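Open the model in your viewer and keep the selection panel at hand.

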Amino acid sequence: MSLFRRGSRNAALLASTMFAGAMMLSASAHAQSTDNMQKLSNFQQTGASMEMETVPQTGPRVDAFNKTLAGIKLPDGFKIALYAIVPDAREMAVGPTTGVVFVGTRKAKVWAVTDRDKDRVADEVKVFAPSIQFKLPNGVCFSKDGFLFVAEQNRVLLFPAAEFFYEGPDVAAFEVVKQGELIPPAEESYNHTARVCRIGPDDKLYITLGQPFNVFAPEKYDLYKKNGIGGIVRMDRDGKNREVYAWGIRNSVGMDFNPKDKTLWFTDNQVDGMGDNIPPGELNRATEAGQTFGFPYFGGGTVRTVEYKDQTPPADSVKPQVEMDAHAADLGMTFYTGKQFPAQYRGGIFSVQHGSWNRTDPVGARVMFTSLNEDGTAAKSEPFAEGWLVDGEYLGRPAAVAQLNDGSLLVADDTSGAIYRISYEK
């Protein structure tokens, strides 16, 4: 028994020592990252190695992707091909003038994807700004004048000339929202913290802030509403004049503005654990600031949550434009503004369904298309590209979409670690 106790004490001592060491390393890395940010903001070198991580674009993985893509179903005239192998690929931002694609992840890296010869297949995938320590940099978005924003879990960064200076490890970088100021640090979570950003027609920065729970407890209500957690916030491009633009949103990981009428559309992932077929996922439309969209009173659509069933929801709660399949996990979306696709797709919405994680019969893993009516409301949603879910197994899970400058559509797959390109030929 004494040996067992001594072993326990030794194990505890070892664990304590390892924990302390890990904390010291973390603190050192944080200090180094902070120091690097200060240097980059002053256009100074950080001393980072010029040997930057790249991702091989050849080999047996290409054959495996091509085999999967051969089974993807598309409307007549469309084809899909591998654009790039990109680990953990999520949100994508396409450089307005160069076409370099910056790719966010839910890990600690942002990737820069370059098609140098413009054959619409990437030649190089390289880590972006490696001297910066990113934390869940899922959200990436460009302004029309070429400023790249990166929305992390609890910070927002700005890279004024990313598409021209991404080749080296040091890129001019500035903090729009400092670490720990996007949400209260005590509310940081591993759950529902993948941000999405867009620059609106008002030239302001919009960011989605998912709330971390399935349904948050009533004691969190006032705090979350005040900070826009479970909503969308907007601010000036320098981070000033922040306000809650929309609230009552469980976890939006996809939004875009309709260039025709300037309204903001967004997807929303709905409450788990209520059954296979309820509640529905949502595609929503915000027509003005200050609207609320039903959560936590509604779990999705008109389905009431158990936790708030005895409370009266706001009378002005905005109903979704489209009710999607339950638990399909609707994520990234974009309005199609190109000219390559046929006329019926122009001005409509491409969105992705990541695929269910807790449904008896899995659904999703596809690209959806939603057409609009003349008055700007949703007309019809239907599958556009599907075939990543075969016999209950995911061969890939689309996470985001973006339009390439030639009018083709990029689809990010974070599970397989790739970006696909959908094009159209008459």
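Which residues line the largest cavity? Select Glu282, Phe293, Gly294, Phe298, Gly301, Ser317, Val318, Lys319 and Pro320, which form the lining. Before going further, note that this is a predicted model, in which local features need pLDDT of at least 70 and side-chain atom pairs count only at pLDDT 80 or more, while totals for chains, interfaces and linings use all residues. Residues are numbered from 1 along each chain as its sequence is written, and side-chain values use heavy atoms, with hydrogens and water left out.

**Cavities**

Rolling a probe the size of a water molecule over the atoms shows where empty space is left. On a 1 Å grid over the protein atoms alone, a cavity is a set of points where a 1.4 Å probe fits but cannot get out; a pocket is an open set with protein on both sides within 12 Å along at least five of seven lines; and lining residues have an atom within 4 Å of a point. Grid points are joined across faces, edges and corners, and a volume is the space filled by probe spheres set on the points.

Two cavities reach 30 Å³ or more. The volume of the largest cavity is about 40 Å³, and its lining splits into four nonpolar, three polar and two charged residues. In these classes Ala, Val, Leu, Ile, Met, Phe, Trp, Tyr, Cys and Pro count as nonpolar, Asp, Glu, Lys and Arg as charged, and the others, Gly among them, as polar.

Next, select Ile183, Glu187, Thr193, Arg195, Gly210, Pro212 and Ile229, the lining of the second largest cavity. The volume here is about 30 Å³, and the lining has three nonpolar, two polar and two charged residues.

**Pockets**

Now select Phe142, Lys144, Arg198, Ile199 and Asp256. Of the 28 residues lining the largest pocket, these lie nearest its centre. The pocket has a volume of about 900 Å³. Strands that each supply at least two lining residues include E2 (92–94), E6 (139–142), E10 (197–199) and E14 (255–257). Helices (H or I, at least four residues) and strands (E, at least two) are DSSP runs, numbered from the N terminus. By class, the lining holds 14 nonpolar, seven polar and seven charged residues.

Return to Ile422. Leaving out residues up to four places away in sequence, its contacts (heavy atoms within 4.5 Å) include Leu74, Phe78, Ile80, Phe341 and Phe384.

**Single residues**

Select Asn227, in helix H4 (residues 221–227). Is Asn227 buried or exposed? Asn227 counts as buried because its relative accessible area is 18%; buried means under 20%, exposed over 50% and partly exposed in between (1.4 Å probe, protein chains only). With residues up to four places away not counted, Asn227 touches Pro184, Leu209, Val233, Arg242 and Val244.

Glu386 is in strand E24 (residues 378–386) and, at 31% relative accessibility, is partly exposed. Beyond residues up to four places away in sequence, Glu386 touches Gly71, Ile72, Lys73 and Arg366.

Two cis peptide bonds come next. One runs from Ile278 to Pro279, with omega near -10°; Pro279 is in the loop between strand E15 (264–268) and strand E16 (281–286). Another runs from Phe295 to Pro296, with omega near 10°, and Pro296 sits in the loop between strand E17 (291–292) and strand E18 (298–300).

End at Phe43, in the loop between helix H1 (2–41) and helix H2 (60–69). Phe43 is not a glycine, yet has a positive phi of about 60°. At 64% relative accessibility, Phe43 is exposed.
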